[in-house]
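Hi,

Here is the structure I promised to pass on. Have a look at it first, and then read my notes below with the model open beside you.

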Amino acid sequence: MYKAIVIGTSYGGPDALKIILPRLSIGFPVPVIIVLHIGDHSNEVFIDYMNSICPLEVKEAESNEKIREGFIYFAPPNYHLLIESDFTFSLTTDQKHNFSRPSIDILFESAAWAYSQSLIGVVLTGANSDGAAGLKMIRDFGGMAIIQNPCSAISPAMPRAALKIARPEVRLRLEEIPDKLIELVGFNKKNSEMF
Amino acid sequence: MVDSLYNESNADLLNIEIKLLMEGVFLRYGYDFRNYSKAHIKRRVLHRLGISTLSSVSRLQDLVLRDREFFIEFLDDLSINVTEMFRDPEFFKSLREKIIPKLKTYPYFKIWVAGCSTGEEVYSLSILLKEEGLLERCQIYATDFSRKVLEIAKEGVYQKNIIEQFETNYRLSGGKGKLSDYYKSRYGSVIFEKELTNKIVFADHNLVTDTVFADVNLILCRNVLIYFEKSLQDKVIGLFCESLVPSGILCLGTKESIKFSMYEKLFEIIDEKSRIFKKRIG
Ligand SMILES: C[S@@+](CC[C@H](N)C(=O)[O-])C[C@H]1O[C@@H](n2cnc3c(N)ncnc32)[C@H](O)[C@@H]1O
């Protein structure tokens, strides 16, 4: 049983997320936690926009906030996002990692400690190698590792690095990823609509 | 490497060892990290293990408890000192516009900058106060629990290559002159004017284990509480509340809040976005 999904992406990320996130519908049984390298500026506008196109609630992760299923969380710009073992968020202003803050590796590694094998990690389009080590750790801990097929990525460097280092079991085109996530978390839309 | 030492099969063991290490550090040296963010501490401890040849946290503990010098180094691992001048320029702008006018009505006032790190924040504040003609009227306490950063703060010497970023922040914060009016360049470094530190007392103070400062009008404690668990955040906000005069001002980091704190009711919000709060009277 998977309990959370973590996603990392940079260059091309906003467009990729616009394809994936709106496909996750109400009742989706796990939280989705995302690091998107978007620069140092506020991502308020982007989050507002995502909210307008997603059935699930999209918000910025806050310090000490309890992580809830069915929510989509973004790391705030300029802070690393970590997951605590009591499933709350922590933020730090640690040095940049892989030239990035927030860093995908830092989110993925703390998520692996917290969720162990109940975690799905996804690396999408991006222009550096952040996320590769974190995805490997998710895999080593028995979680599920997914990458966007580098050939289909706007910027293949990030999924390619993840492919090389983490050897993920699942490589998909962007459009195939939502269905895969829905299948993995055992989300049956009909079921949820009965309630 | 670290990932071969600890993995999902001994994750619980790692947690136990870290807990014992933090207990040991507290008992031996009085530094209390027991209620710091666990994920953050774990990351820092594993980082230290990764760059050492030690094979477990228990071995690290042995060294930390017996070798004071090694402990001082380890203390560095645990604290994050990343800072910059006029960090979050909007905050400094708001301070200038919303709080300075009030301070101007006082003949004398006290400011506490808690967790001042290497000093960039308190130098920024001094510059702002100087431009507003208030520097002569105040006493500033700049505290941190790391003696190492306090030494750097007292010097006021920073790398030349980051000054450009500071310039930009200064401008965005509504600075009235040029930042270069306040420093001299020398050999790849910049040295801030001594005048800026005339009113600053730098002091070693631990927010977790030390006591209050009396009758402070303004507290800046930014990007320190994010490393604390909720219970500890509450405790420290209580400490600030006690230190402030009625109507005193508390400024936190942009991702820190008194929301959900047990002291929330004792403050009113002055600027939600810049996290500026005012202690209620009575
Ligand atoms: C990230 S820096 C923030 C510097 C500055 N306030 C800013 O916002 O740029 C955090 C500082 O808090 C200090 N600190 C952490 N725990 C502390 C404690 N218990 N008591 C006093 N200072 C502490 C650290 O040594 C570090 O210098």
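Start with B:Phe109, which stands opposite B:Cys138 in strand 2 of chain B. (Keep in mind that this is a predicted model.) How many bridges join strand 1 (residues 109–114) of chain B to strand 2 of chain B? There are six, and the two strands run parallel. If pairing is new to you: strands of a sheet pair through backbone hydrogen bonds, either parallel or antiparallel.

Both strands belong to an open sheet of seven strands in chain B, with the order 6-2-1-7-8-10-9 and mixed pairing. Strand 6 and strand 9 (267–271) of chain B stand at the edges with a single partner strand each, so one side of each has no neighbour in the sheet. On average, neighbouring strands here are turned by 20° against each other, direction ignored.

Now for the helices on this sheet. Helix 7 of chain B lies across strand 1, strand 2, strand 6 and strand 7 (216–221) of chain B, and runs at about 155° to strand 1 of chain B. Helix 8 of chain B packs on the sheet too, touching strand 2 and strand 6 of chain B, and its direction makes about 165° with that of strand 6 of chain B.

Which residues of helix 8 (residues 147–155) of chain B are buried? They are B:Val149, B:Leu150 and B:Ala153. Looking down the axis of helix 8 of chain B, you'd see these buried residues fall within an arc of 105°, so they line one face of the helix. The background is handy here: an α-helix has 3.6 residues a turn, so residues three or four places apart point the same way. What covers the buried residues of helix 8 of chain B includes helix 7 (120–131), strand 2 (138–144), strand 3 (157–159) and strand 6 (200–204) of chain B. On the other side of helix 8 of chain B, B:Arg147 and B:Lys148 are exposed.

Four bridges join strand 4 of chain B to strand 5 (residues 189–192) of chain B, and B:Ser185 stands opposite B:Val190 in strand 5 of chain B.

Cheers

Notes:
Residues numbered from 1 in each chain as written. Chains lettered and ligands numbered in written order. Predicted model: local features only at pLDDT ≥ 70, side-chain atom pairs only at ≥ 80, totals over all residues. Heavy atoms only, no water. Buried < 20%, exposed > 50% of the residue type's maximum accessible area, 1.4 Å probe, protein only. Arc of directions from axis to C-beta. Contact = heavy atoms within 4.5 Å. Pairing = 2+ DSSP bridges. Axes fitted to C-alpha atoms, helices over the stretch in contact; angles between N-to-C directions.
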